[in-house]
Amino acid sequence: MSSHSPEVAEHRYRQHHFVTAGQQLDTSKTGMWLFLATEILMFGGLFVGYGLMQGVYPEAWVAGHHHLDRVLGAVNTVFLLCSSFSMVMAVHYASTDQKSKTVLNLGITLAFAFAFLVIKYIEYSHKFHEGLLPGRYFRLAEVGGPPQQAMFFGFYFMMTGIHGFHVLIGIILIAWLMVRANRGDFSSAYFTPVDLIGLYWHLVDLIWIYLFPLLYLIS
Amino acid sequence: MADTITATHISGHADHHDVDYLHDGKGMKSWLTTIDHKRIGVMYLWGILFMFFLGGVFAMLIRLELLTPKQTIMSAETYNKVFTLHGAIMVFLFIIPSVPAALANFVLPLMLGAKDVAFPRLNLFSWYIYMIGAFIAIAAMVTGGVDTGWTFYTPYSTTTDGSVALMTFAVFVLGFSSILTGVNFVATIHNLRAPGMGWFDMPLFCWGIYSTALIQVLATPVLAITLLLLLMERTFGIGIFDPKLGGDPVLFQHFFWFYSHPAVYIMILPGMAIISEIIPTFSQKTIFGYRAIAFSSVAIALVSFIVWGHHMFTSGQSQLASAIFSFITFFVAIPSGIKTFNWIVTMYKGSVAFNAPMLYALSFLLLFGIGGLTGIFLGAVSVDIHLHDTYFVVAHFHYVMMGSTVIAFLGGLHYWWPKMFGRMYNEPAAKVACALVFIGFNTTFLPQFILGSRGMPRRYYNYLPEFQFLHQLSTVGSWILGLGFLIMAGYLFASLRKKMDAPANPWHSRTLEWQTASPPITHNFHEIPTIGGGPYDYYRPVGKGREA
């Protein structure tokens, strides 16, 4: 059990311009959902560009996607799905005053996120090695096939790169949550940061679930 | 004062809360670390006013160069950079943040009876992002400049020299500042209205800002990704927008205008929002058609997302697409017309006072009328084919962006100046400045409609001798405009040097920001107001309006 009573927690974390803790929670959630909408629209722009160019150069897209490692992509998908589950559990335990389980599940989420980036690193270094680089750095003579693969890999690196950046931000945020959870900051009366960063993490997962088939499973 | 809400304190720190926000904490550090929305609004105000000055200097240089058909004061290369910087600064660093980030930041929470915006720290953060973006933009100017025009069209922008990468990065950064402001305002309006204030008890300014904030949240991310793609195109040659590499430059235009057309409404909706406040106040009359004006703001925001193709009638997009975009574009005229007619009817049989803010509002009605109607010319495909990329377009968007938004911004600045700084400005001087700005503006831009309809293309460095008279008229207009702004700067700065003399409610308005002291105390109100009536209940005596 948390060492704080709900009243103390409410007093401690309610900011001066809110009348009640409930109002503060609603406001924070509104803000987070709006932020998630901006993320979807930003990735939406990339998806539209990717889809349009795939329509123009389908053969280059198919040829390009054969260079991607489906197994590693699938493993990463599983990792992120598992991390989403542990994140849900972390939110659940934070909201039911179970501190050590909250910390444990945040730790599991963090481990999966790291594993995702390690695999991404392995994939990237293979690509660099084989000359599968974006745009003018694409080594067509070594790779062979349609020249527009350079554009495919431009999209590949941008989409996975921006997604990877979001994973990195997620790692920092989850680590911060772990420190705070361990300190006993969260209780059934106040667990907004866990809740909101949980939402963020699910979106990062969701975007990957779209990226994986779009990039790896074309034909 | 009779106008202020009864001073019973809700917390123990009475002394601290009684100090006005300008004197609550001294020195640079107390400003740079503040999370008070009023101080952040003021810091934004100085930032955007400096940028307005910078963009204005570039505008004067453009007009000076166009005094003669050949070279006047600068080379063609410099001219390209000067008009690009004028556009980029005015759009991204001045107009977009002008009303929302500076004025609305200050008055929105006051109007809602709230102590602050929803996320005060995010608010400060957005100001820092704005400043960082501004510094990057200035760095881009001094390290080679940009000659692409503010639209950064590909493939020119991916192949030309200069600091295009740095400038697009600056705009990318500025976009985040805009997004954070938008998120903050939507959350504020949803969750921080005073007890008893329903959606239709809000002043119309809040509806306008709400619609603006929605566009900021939904459109700006697309600009962010477009600029990122442009950066990648320049650094890696990905080829998405470059026809040489199999890309599609028209795709860039689609991406760009998917943001930048809604962005036009990010610029105009706050201007309309200000007019909806000034006109009832200075007519001392309930606004006519409250709900019609409120919903027309939201309607404009929604339609703004599906008309972007009207910027591209000559780009080679399909004729069917052009016809559809043209058809939808005409729909924008309906909510705009609804607003205009309601404002005019509000004045009917009111006791109209012609103070400086009201003069700006009346100028707005006229100039927005011209800007809006010429927009319908350009929305018609067949007319646009003739007028596309001519001075007619330049004149049209200046009538909307400057003649409407900037005029409304100036109206708002004069309207809320006493509230923001607790000082009245020299009213006769303000009227003279307003007249000069109005005359100067029309002298500058009316001739450009004629120039454009006779075939003078925009952005050209040289022109045919037969256009010289109208160009010179336009340049003389820019000097009158400059003089107006000079006088304005004079009396506004002069007012800051005198003692605080503004009453809490100099214009006898009924909205909440006027029911607290000028300048307001740090926490805005001594106690959170509860709302009994509407924001425009002019049939009730002053001070007996809002608080039940």
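The structure is a predicted model, in which local features need pLDDT of at least 70 and side-chain atom pairs count only at pLDDT 80 or more, while totals for chains, interfaces and linings use all residues. Residues are numbered from 1 along each chain as its sequence is written, and chains are lettered from A and ligands numbered from 1 in the order in which they are written.

Chain A contains 8 helices and 0 strands; helices (H or I, at least four residues) and strands (E, at least two) are DSSP runs numbered from the N terminus. The order of elements from the N terminus is α-α-α-α-α-α-α-α. The C-alpha trace of chain A spans about 70 × 30 × 25 Å along its principal axes. Of the 219 residues in chain A, 39% are buried. A residue is buried if 20 or more other C-beta atoms lie within 10 Å of its own, exposed if 12 or fewer, and partly exposed in between, with C-beta atoms placed from the backbone. Among the contacts in chain A with a separation of 6 or more, 74% join residues 24 or more positions apart. Two residues are in contact if their C-beta atoms, placed from the backbone, lie within 7 Å.

The contact between the chains takes 28 residues from chain A and 32 residues from chain B. On the side of chain A that touches chain B, the elements giving two or more residues are helix 2 (21–56) and helix 7 (149–183) of chain A. Helix 2 of chain A gives the largest share of this side, 16 residues. By class, the side of chain A that touches chain B has 14 nonpolar, 12 polar and 2 charged residues. Here Ala, Val, Leu, Ile, Met, Phe, Trp, Tyr, Cys and Pro count as nonpolar, Asp, Glu, Lys and Arg as charged, and the others, Gly among them, as polar.

Helix 2 of chain A and helix 7 of chain A also pack against each other, at an angle of about 160° and with their axes 11 Å apart. Axes are lines fitted to C-alpha atoms, for helices over the stretch in contact, and angles run from 0 to 180 degrees between N-to-C directions. Helix 2 of chain A is therefore roughly antiparallel to helix 7 of chain A; angles under 35 degrees count as roughly parallel, over 145 as roughly antiparallel, 65 to 115 as roughly perpendicular and the rest as oblique. The crossing of these two helices of chain A is left-handed, a term used if the near helix is turned anticlockwise from the far one by less than a right angle, with right-handed used if clockwise. Helix 2 of chain A contributes A:Leu46, A:Tyr50 and A:Met53 to the contact, and helix 7 of chain A contributes A:Met151, A:Phe155, A:Met158 and A:Met159. The residues of this contact comprise 7 nonpolar, no polar and no charged.

In chain B, helix 9 (residues 249–283) and helix 12 (residues 333–347) pack at an angle of about 15°, with their axes 9 Å apart. Helix 9 of chain B is therefore roughly parallel to helix 12 of chain B, and the crossing of the two is left-handed. The contact of helix 9 of chain B with helix 12 of chain B has 6 nonpolar, 2 polar and 1 charged residues.

The largest nonpolar core has 224 residues, and those with the most contacts inside it are B:Leu112, B:Val186 and B:Cys206. A nonpolar core is a set of buried Ala, Val, Leu, Ile, Met, Phe, Trp, Tyr and Cys residues joined through C-beta atoms within 7 Å. Helix 4 (residues 76–112) of chain B supplies the largest share of this core, 24 residues. A second, separate core of 5 residues includes B:Tyr21, B:Trp514, B:Ala517 and B:Ile521.

Two cis peptide bonds may be described next. One joins B:Thr154 and B:Pro155, with omega about -5°, and B:Pro155 is found in the loop between helix 5 (120–142) and helix 6 (156–159) of chain B. Another runs from B:Ser518 to B:Pro519, with omega near -10°. A:Asp97 has a positive phi, near 60°, and is found in the loop between helix 4 (70–95) and helix 5 (99–130) of chain A. A:Asp97 counts as partly exposed because it has 18 C-beta neighbours inside 10 Å.
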